[in-house]
Amino acid sequence: MEKLTPPVEKNDYIDVTFEDLTHDGSGVAKVNGFPIFVQNALPGESGQVKVIKVKKGYAFGKLMNHSTVSEARVEPPCPVYKQCGGCQLQHVSYEGQLSFKQKQVQGVMERIGHLPNVPVLPTMGMTDPWRYRNKAQVPVANRDGGLVAGFYQQRSHDIIDMDMCLIQQQENDDVVQVVKSILEKYNVPAYHEQKHKGTIRHIMARYGLTTGEIMVVLVTRTSELPNKKHIIEEIVKAVPNVKSIVQNVNTKRTNVILGDQTNVLWGEEYIYDYIGDVKFAISAKSFYQVNPEQTKVLYDKALEYADLTGEETVIDAYCGIGTISLFLAQKAKKVYGVEIVPEAIEDAKRNAKLNNIDNAEFEVGEAEVVIPNWYKQGIKADVIVVDPPRKGCDEALLKTILKMKPKKVVYVSCGPATLARDLKILEEGGYQTVEVQPVDMFPHTTHVESVSQLILKEDN
Ligand SMILES: C[S@@+](CC[C@H](N)C(=O)[O-])C[C@H]1O[C@@H](n2cnc3c(N)ncnc32)[C@H](O)[C@@H]1O
């Protein structure tokens, strides 16, 4: 096969116009069809780029200057946007972000799914896309005789001290600052990663948006916490809505934040929050959606697409803590949820009880194993909802769906590329994708979430 010669070399300076944005927010320019990826460049912009790395089929460049600036470009409001890396799209207007997310889904439908006619609707965004996150997990270090708490600088483990994060609930920012100063006052040593010494590793705050309840989690290397009694008293005094103070002990040399052992130091083991009418108990280790306001928007859409009358049997595959299952159970005859993580299923069962929901059953296991078993046992769903991780649905699960033939499939996805791949398989098996609705769950980041409705075609 003829070897293609890249049209650019390292250290070349070239003038380009950007055509697209990648899934991670880099601008894409093309030289004779050869793509060059450049950070901080937007579609429609032109400028001079220095080529910094050339690979077989693509190159990376650094933007040296702009000759045209996109109308969608804005000044990022966060002072540490460039160092942090937690957000990737703050330099794009919110309208521009929503349009980028819609185009990204549309693009993969065409390129990967070969489904150019599937309607991809405009992204449903937030009225106020700031301060939406209900969970903060902030690493702590010792510096200049005190404590710093903030975020890891991009591609490093250096902590940048920070007193606010514009996508965090204000309450979480406040908790982190107050707890940091209390720990500093009592000389609690911060964890030192290389030496694996010290005590406090992370300060974590969880906030119930609808209840205002706050949980403070102190993640420590050792189960011993010096001046524990005073620290607890001061946190209770300083954080009026605190309902739970928890110590999580993580003894391991690891990047995973939480360890195995959790002790309640004060108050309750759980805080509570509602999504719609459904109440959720949230422990230090529970998975819970980080943007509950948009979760409601997403799940309302899923419910609309499921179009339940009260007579249906529904399967919720990859059900996590049963958030969607409990939403659906209010409108269905019976819901079966399956999830691989046993603790999540315990939470799902607890949450069903908490809401007096007795028509939802949950099972631990792989969706691609459990659902075929259910089918063998005679369980046949009228509607199947799937909400898989980024890698999409397992092929065995898709095959079972095609055998079981539910009238509707509702596909909640956090990975547009695998969504497109799976929709194609379902379409070839007799389903029609009615529409795809992107929902912005994570403003200012490149994450794209969407929900799709598929119906079984009549002759199947
Ligand atoms: C995107 S999350 C779904 C969250 C869920 N809908 C909720 O609201 O809690 C995907 C879930 O799939 C689970 N998972 C991953 N692989 C799985 C598999 N093969 N079978 C079942 N669940 C799986 C993960 O543990 C995770 O909870």
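Where is the place of Cys414? Select Cys414 and you land in the loop between β19 (408-413) and α10 (416-428); helices (H or I, at least four residues) and strands (E, at least two) are DSSP runs, numbered from the N terminus. Keep in mind that this is a predicted model: local features need pLDDT of at least 70, side-chain atom pairs count only at pLDDT 80 or more, and totals for chains, interfaces and linings use all residues. Residues are numbered from 1 along each chain as its sequence is written.

UniProt, in an unreviewed entry, lists Cys414 under "active site"; such annotations may be inferred rather than shown by experiment. Cys414 is partly exposed, with 17 other C-beta atoms within 10 Å (20 or more would be buried, 12 or fewer exposed, with C-beta atoms placed from the backbone).

Zoom in on β16 (residues 334-339), which pairs with β17 in the parallel sense over 5 bridges. There, Glu339 stands opposite Val364 in β17.

Last stop: select Ala306. Beyond four places in sequence, its contacts include Leu328, Val385 and Val410. Ala306 is among the residues with the most contacts inside the largest nonpolar core, which has 103 residues (buried Ala, Val, Leu, Ile, Met, Phe, Trp, Tyr and Cys joined through C-beta atoms within 7 Å).

How values were computed
Contact = placed C-beta atoms within 7 Å. Pairing = 2+ DSSP bridges.
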